[in-house]
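Subject: Structure handover and notes on what was found

Dear colleague,

Please find below the structure I promised to pass on to you. My notes follow it, with the cut-offs spelled out where a term needs them.

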Amino acid sequence: MVGARGRTCLNTLRNFQPSTLASISETQASPRHHPVMPVVALGWSRLLWVRLAALLFTCVAFSAAAHGARLPTGGVAAWCVFCWAFSFAATAVILLVELLNLQARAPVSWSNFPITAACYAALLCLSASVVFPLNFLRDSSYYDEAREHRVVSVVFSCLAAVAYAAEVSLTKARPGEVSGYMATAPGLLKVCQTFVACVIFVLVSEPVAYERHPALQWCMAVYCICFILSVAVVVMCVGECTGWLPVSFPGFLSALGLLAVLMYLTATILWPVFQFTRRYGGQGAEPKLIGASVLTGLNFLLYLADLAHSARLVFVSV
């Protein structure tokens, strides 16, 4: 006969599981005074791959242009290098902040800043991809090391523009999705409006093309006023300052959109009439003036689309 203590030992052995032994071994092998260090895993999403590609493409573009392309100092060359360098720096900052999980400590709205930077970078790289070959490859019949570097810059500038466009497509707000204002269609239109206005300023400032008639001066005032207001909206959204307005932000956007549409409508009509008509001292069909006229009409359409979206869009300011 087995005593009571023997029966207790047999029952214990019968109910003993191998997992219990494993847990005991792990407990003994891992002393409590040795804390386990946390491991931060970086998810390799499509957005991360696109940003890394944009970082690489812009780095190659401005490196090839700065070292070996034999570009002139200043002017268009400096502008193109700035486009690539700015895009590279903005992407590097975004990747660094997200890698270290510092979004909450960033002094900007992280639901608005990355897509705003990506949209500007896409436009900058696109403009450099057009301007750079027109100025530094079109009339070059020779083939040497400098031309090779210039071709590399153009190719990687085009690739960077595509990468940034893909980033904007991946991060923009979907219908019904709650996001920052800059991730919506009106927010992206604001970026395009400010960029187009900057190009207009470049086209009409050298030589000055708006001092000849008061109507042309009014057009220049339209460009400046609408540009300042659109930049103010972008800064308020990125800097999380929309609550500082004495009126509701959606109401402010609607009023701004209506004002800009009316002002640009007048500029779209007056600029070509007083620039190209001999009766008003027009200078003829100069390429820069034609470009400014086309871009004025383009910005009018952008503001019109912005007004239509802002009138029906429901978004959350963050």
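In this predicted model, helix α7 passes helix α10 in a left-handed crossing, where left-handed is to be read as the near helix being turned anticlockwise from the far one by less than a right angle, and right-handed as clockwise. Helices here are DSSP runs (H or I, at least four residues), numbered from the N terminus. The residues that make up the contact of α7 with α10 divide into 16 nonpolar, six polar and three charged, with Ala, Val, Leu, Ile, Met, Phe, Trp, Tyr, Cys and Pro counted as nonpolar, Asp, Glu, Lys and Arg as charged, and the others, Gly among them, as polar. The two helices pack at an angle of about 160 degrees, with their axes 9 Å apart; the axes are lines fitted to C-alpha atoms over the stretch in contact, and angles run from 0 to 180 degrees between N-to-C directions. α7 and α10 are therefore roughly antiparallel to each other (an angle over 145 degrees).

As to the conventions, residues are numbered from 1 along each chain as its sequence is written, and side-chain values use heavy atoms, with hydrogens and water left out. Local features need pLDDT of at least 70 and side-chain atom pairs count only at pLDDT 80 or more, whereas totals for chains, interfaces and linings use all residues.

The structure holds three salt bridges, each defined as a side-chain nitrogen of Lys or Arg within 4 Å of a carboxyl oxygen of Asp or Glu. In one of them, Asp306 pairs with Lys190, the closest N and O atoms being 2.2 Å apart. Asp306 belongs to α10 (residues 287–312) and Lys190 to α7 (residues 185–205), so this pair ties together parts that are 116 residues apart in sequence. Asp306 is buried at 1% relative accessibility, and Lys190 is buried as well, with a relative accessible area of 1% (buried means under 20%, exposed over 50%, partly exposed in between, with a 1.4 Å probe and protein chains only).

Salt bridges that share partners join Arg51, Glu98 and Glu167 into one network. Glu98 and Arg51 meet at 2.7 Å, N to O, and this pair links α4 (residues 75–99) with α3 (residues 46–66), the two residues being 47 residues apart. For Glu167 and Arg51, the closest N and O atoms are 2.9 Å apart; Glu167 lies in α6 (residues 145–171) and Arg51 in α3, so parts 116 residues apart in sequence are tied together. Glu167 and Arg51 are buried, while Glu98 is partly exposed, with a relative accessible area of 25%.

Best regards

Terms used:
Parallel < 35°, antiparallel > 145°, perpendicular 65-115°, else oblique.
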